[in-house]
Amino acid sequence: MSPAPPGSSPVTAPVTTPARPGATLAATAAATALVTVAYTAPTASLAATAQAAHLGATGRTWILTGTLVGISALLLTAGSAADDHGRKRVFTFGVLLFAAAEALAALAPGGAVYLAARVLLGVASAAVLAPALGLISHAHPPGPGRIRALGVWGAAVGLGIAVGPVYGALVGQWAGWRAVSGGIAVVSAAVAAYAATVLTESRAERPRALDPYGVLTLAAGTSCLIAGLAEGRGGWGRPVVVALLALGVLLLALFGLVEAKTREPMLDLALFRSPGFVAATVGALFTGLSLVGFMSYLPTLLQGVLGLSGLAAGGVLALWSGLSVLSALQARRLAAHLSATAQVAVGLAVCGLGEAGLYGLAPGSGWLRLAPGLAVAGVGSGVLNAALARLAVSSVPAHRAAMGSGANNTSRYLGSALGVAVTVAVAGSARPGGPGREAAARALAAGTDRAVLVAAALCLVGALLALAARTAEARTAEARGAEARGGCAPEAAPAGERVATR
């Protein structure tokens with residue numbers, strides 16, 4: 001293991017109560033599934049939810065975007081806070097806040113309060129997701145048990161995506177949009193009580209100093225960038241869109257400068273000298289950009305092109321996400337043959353092939369036309385989710401596991417926001433050849449084909465970048481082995497670098 005960054009310790013503080021691996025995995029996986037259920041629940045019925053909450057077209061966009069803002073802005077901060085001040089503490093607080101945000105959404109008197117609740121839901125989701133992998137890695141020592149546990153966590157991500165749209169459409173039709181949030185609030189409160197009972201506290205032996213400028217620049221930068229992407233759907237040349245995007249990029253660049261100058265940074269930039277960390281970050285970014293972003297908008301496209309109901313569109317999407325659950329649970333069998341970095345490359349390549357199989361959607365065609373492509377993409381997604389979870393933990397020092405999870409998920413959700421924006425822009429680029437619903441559906445089908453090709457191409461680009469990281473990883477390991485065989489002490493690796501071969 002490489003030496004820890006100055007001012008930190010590579011060991012975890014001793015605890016008086018032994019961790020309970022099974023209960024820890026159950027609590028973290030359940031909460032993670034709830035996060036993805038809550039995010040995806042409105043995707044199959046965005047128009048109906050927006051209309052019921054008295055929101056216009058812009059408000060409909062912000063139902064999903066508001067949650068993305070909260071998640072992306074605070075994931076890395078929540079991860080660092082969990083490592084320094086207690087993973088159980090941050091996680092349990094996050095699940096409680098999550099329940100409160102859903103309760104607020106269920107009781108919202110109007111659209112503005114509902115959208116505020118969705119932003120708060122994102123903040124709570126960050127506090128749930130960031131410590132989750134740190135809790136799992138603390139309860140499961142390195143080895144097959146940890147690989148299996150991280151595969152289960154990856155399956156929980158897919159399970160939430162599978163359940164969310166169907167749950168949202170079904171409960172929304174049966175009891176209204178308020179009941180969708182109310183049901184999640186009740187289950188979340190139960191998970192919070194369970195987590196408070198079974199989890200064991202863990203943290204770094206010596207907490208780092210607060211990095212306030214890093215927190216502010218990262219939160220403001222990601223918020224501006226995602227807001228600009230959301231507003232850009234109404235026209236990319238508008239001054240407000242250009243200003244938000246430019247300010248977001250500027251603030252994120254400033255965040256990098258702050259972290260380079262800070263003695264105890266929230267994100268140690270030396271980690272980017274580790275091929276494993278680069279693979280985890282790039283893999284998560286392209287997962288969001290090419291896969292999650294496209295699939296999040298797919299139910300809307302299916303409704304517009306095929307005329308499916310929200311419930312039926314959610315059911316079609318469940319074919320992809322359901323198979324990703326099964327694939328993630330079996331991904332541990334690949335560990336003996338492929339490193340986590342190689343699995344990221346393979347997973348993205350398979351997802352790209354599956355997405356390419358969705359080409360040719362046309363009005364009047366049946367949803368079964370999409371089944372082969374969704375099935376292939378689902379298998380790739382499961383391998384990808386399990387591998388990214390492994391890399392998020394193994395590519396950083398053990399005492400910064402929650403920070404690694406936060407960085408990984410920040411990349412994923414920033415990529416998702418960009419992916420949705422790209423999908424919407426490309427899918428809407430085709431203009432109807434005439435008046436009427438049929439002409440509009442044909443134009444949307446043509447735009448969907450373009451979006452499919454773009455998403456598939458982005459998957460393949462991500463796979464090539466992950467493959468390049470795997471090559472660098474192998475060269476680093478070979479060089480150290482040669483130094484060791486020559487009797488020379490190998491040069492100290494960058495902080496956080498640990499080649500992910502197990």
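Visitor: Which residues lie nearest the centre of the largest cavity?

Guide: Start with the general idea: rolling a probe the size of a water molecule over the atoms shows where empty space is left. In this predicted model, the largest cavity has a lining of 18 residues, and Thr-36, Tyr-39, Thr-40, Ile-161 and Val-292 lie nearest its centre. The space inside the largest cavity comes to about 190 Å³.

Visitor: How many cavities of 30 Å³ or more does the structure hold?

Guide: There are nine of them.

Visitor: Back to the largest cavity, then. Which helices each supply at least two residues of its lining?

Guide: Look at helix H1 (21-40), helix H6 (144-175), helix H10 (275-306), helix H11 (310-330) and helix H14 (401-427); each supplies at least two residues of that lining. By class, the lining of the largest cavity has eleven nonpolar, six polar and one charged residues.

Visitor: Let us turn to charges. How many salt bridges does the structure hold?

Guide: The general idea is that side chains of opposite charge can pair when their charged atoms come close. Here the structure holds six salt bridges. One of them joins Arg-87 and Asp-83, with the closest N and O atoms 3.0 Å apart. Arg-87 counts as buried at 1% relative accessibility, and Asp-83 is buried as well, at 0%.

Visitor: What is the relative accessibility of Glu-438, and where do Glu-438 and Arg-442 lie?

Guide: Glu-438 has 58% relative accessibility and so counts as exposed, while Arg-442, at 46%, is partly exposed. Both lie in helix H15 (residues 437-485), four residues apart, about one turn of the helix.

Visitor: How far apart are the closest N and O atoms of Glu-231 and Arg-238?

Guide: In that salt bridge they are 3.6 Å apart. Glu-231 is buried at 18% relative accessibility, whereas Arg-238 is partly exposed, with a relative accessible area of 31%.

Visitor: And on the surface, which residues form a nonpolar patch?

Guide: Leu-334, Leu-338 and Val-346 do, and together they have about 190 Å² of accessible area. Val-346 belongs to helix H12 (residues 340-356) and is partly exposed, with a relative accessible area of 39%.

How values were computed: Residues numbered from 1 in each chain as written. Predicted model: local features only at pLDDT ≥ 70, side-chain atom pairs only at ≥ 80, totals over all residues. Heavy atoms only, no water. 1 Å grid on protein atoms, 1.4 Å probe; cavity = no way out; pocket = protein on both sides within 12 Å on 5 of 7 lines; lining within 4 Å. Points joined across faces, edges and corners; volume = space filled by probe spheres on them. Nonpolar A, V, L, I, M, F, W, Y, C, P; charged D, E, K, R; others polar. Patch = residues over 30% accessible without salt bridge, like charges linked within 9 Å, V, L, I, M, F, W, Y side chains within 5 Å. Areas by Shrake-Rupley, 256 points an atom, 1.4 Å probe, with all protein chains shown as cover. Salt bridge = Lys/Arg side-chain N within 4 Å of Asp/Glu carboxyl O. Buried < 20%, exposed > 50% of the residue type's maximum accessible area, 1.4 Å probe, protein only.
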